[in-house]
Amino acid sequence: MVIAIDFETVSTKSLKDSGTYSYLSSPNTFITLMSICEFDISEALGFIKDKSYDVVEEYLFCKTEVLELYRDLGTDRILTDYFPQGYRYDLLAHNRDLELHAIFNGQRLKDILPKDTKVFDTMLMARRLALPNSLDTLSGLFGVHKKDTRLLNKFSIGLTLQEFLDKTNTPEYEKFKEYCKYDTISTVNIFLNLIWKYPRVQSSLYSDDIESMILEASDRVNDRGIPIDVDEVAKAKSLLKDLQEKNSKICQARFGFAPTQVLKIKEYINERSPIKI
């Protein structure tokens with residue numbers, strides 16, 4: 001069994017400017033919604049191979065629900081309480097960093113998952129196949145189409161929790177819940193299509209290949225962090241800026257263009273080399 005999830009959050013902090021770890025650990029960041037889809041890989045694969053895109057979308061739509069986690073903020077509930085109980089499951093997300101490191105009522109999901117839970121990430125799976133990273137682009141590629149992205153700006157970005165709560169009484173709130181639902185529907189559909197159309201993806205799901213080892217090492221580094229001497233970094237940036245300005249002037253005087261003028265660099269090389277760029 002696999003449980004696919006997607007969170008919606010609200011925060012006055014910018015995810016884009018601060019990065020996942022800083023954003024999720026901020027006291028001003030809260031999980032508001034979670035869409036969840038529980039499915040059996042074999043059953044779902046059998047269904048997806050024989051049905052049209054529209055029928056598959058409806059199948060996944062019926063298996064996916066949206067939970068209003070904000071209603072349980074401040075209680076003793078933790079994220080795994082919302083998952084099926086009594087049997088083993090694996091987890092699925094798109095760009096799993098946000099889900100794994102999300103904090104709900106003081107507990108980070110990564111710390112409370114059962115130790116034998118394997119976490120699949122459709123973004124990383126797509127990257128290994130040189131496919132697009134974006135959930136929206138992959139969704140269109142594999143037949144599930146959504147969504148009104150302005151709702152994310154309206155219900156998530158730059159808001160306090162109270163401002164979000166005030167918006168739950170507006171007509172567009174139900175559309176926002178559907179937006180959240182389609183994130184998980186799209187993720188499951190992408191996952192199943194990748195397994196179906198790329199046999200080596202399916203064969204590597206439960207094997208520890210070199211990519212898995214690299215990912216584990218990356219996780220350890222990211223979770224631990226790296227000590228930085230901020231004063232020395234500032235000095236290095238200043239030195240690099242001076243060096244860049246100096247070399248830019250040399251390049252300009254010698255070749256007639258700056259090192260940042262990529263098209264002119266290509267033209268220069270193509271005119272003088274049998275190797276064409």
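1. Two residues are in contact here when they have heavy atoms within 4.5 Å of each other. The model under review is predicted, and the points below should be read with that in mind.

2. Contact between helices α3 and α4. From α3, the residues Glu43, Ala44, Phe47 and Ile48 meet Val55, Val56, Tyr59 and Lys63 of α4. Sorted by class, this contact has six nonpolar residues, two charged residues and no polar ones.

3. Geometry of that pair. Helix α3 covers residues 41-49 and helix α4 covers residues 53-63. Their axes lie 9 Å apart, and the packing angle is about 150 degrees. Because angles over 145 degrees count as roughly antiparallel, α3 is roughly antiparallel to α4. The crossing of the two helices is right-handed.

4. Helix α11. This helix runs through residues 173-197, which is 25 residues.

5. The chain as a whole. The protein chain contains 15 helices and seven strands. Along the principal axes, its C-alpha atoms fill a box of roughly 70 × 45 × 40 Å. Of the 277 residues in the chain, 38% are buried.

6. Contacts along the sequence. Taking contacts in the protein chain between residues at least 6 apart in sequence, 75% join residues that are at least 24 apart.

Methods: Residues numbered from 1 in each chain as written. Predicted model: local features only at pLDDT ≥ 70, side-chain atom pairs only at ≥ 80, totals over all residues. Heavy atoms only, no water. Helix = DSSP H or I, 4+ residues; strand = E, 2+ residues; numbered from the N terminus. Expected span 1.5 Å × (residues − 1). Axes fitted to C-alpha atoms, helices over the stretch in contact; angles between N-to-C directions. Parallel < 35°, antiparallel > 145°, perpendicular 65-115°, else oblique. Left-handed = near helix turned anticlockwise from the far one by under 90°. Nonpolar A, V, L, I, M, F, W, Y, C, P; charged D, E, K, R; others polar. Buried < 20%, exposed > 50% of the residue type's maximum accessible area, 1.4 Å probe, protein only.
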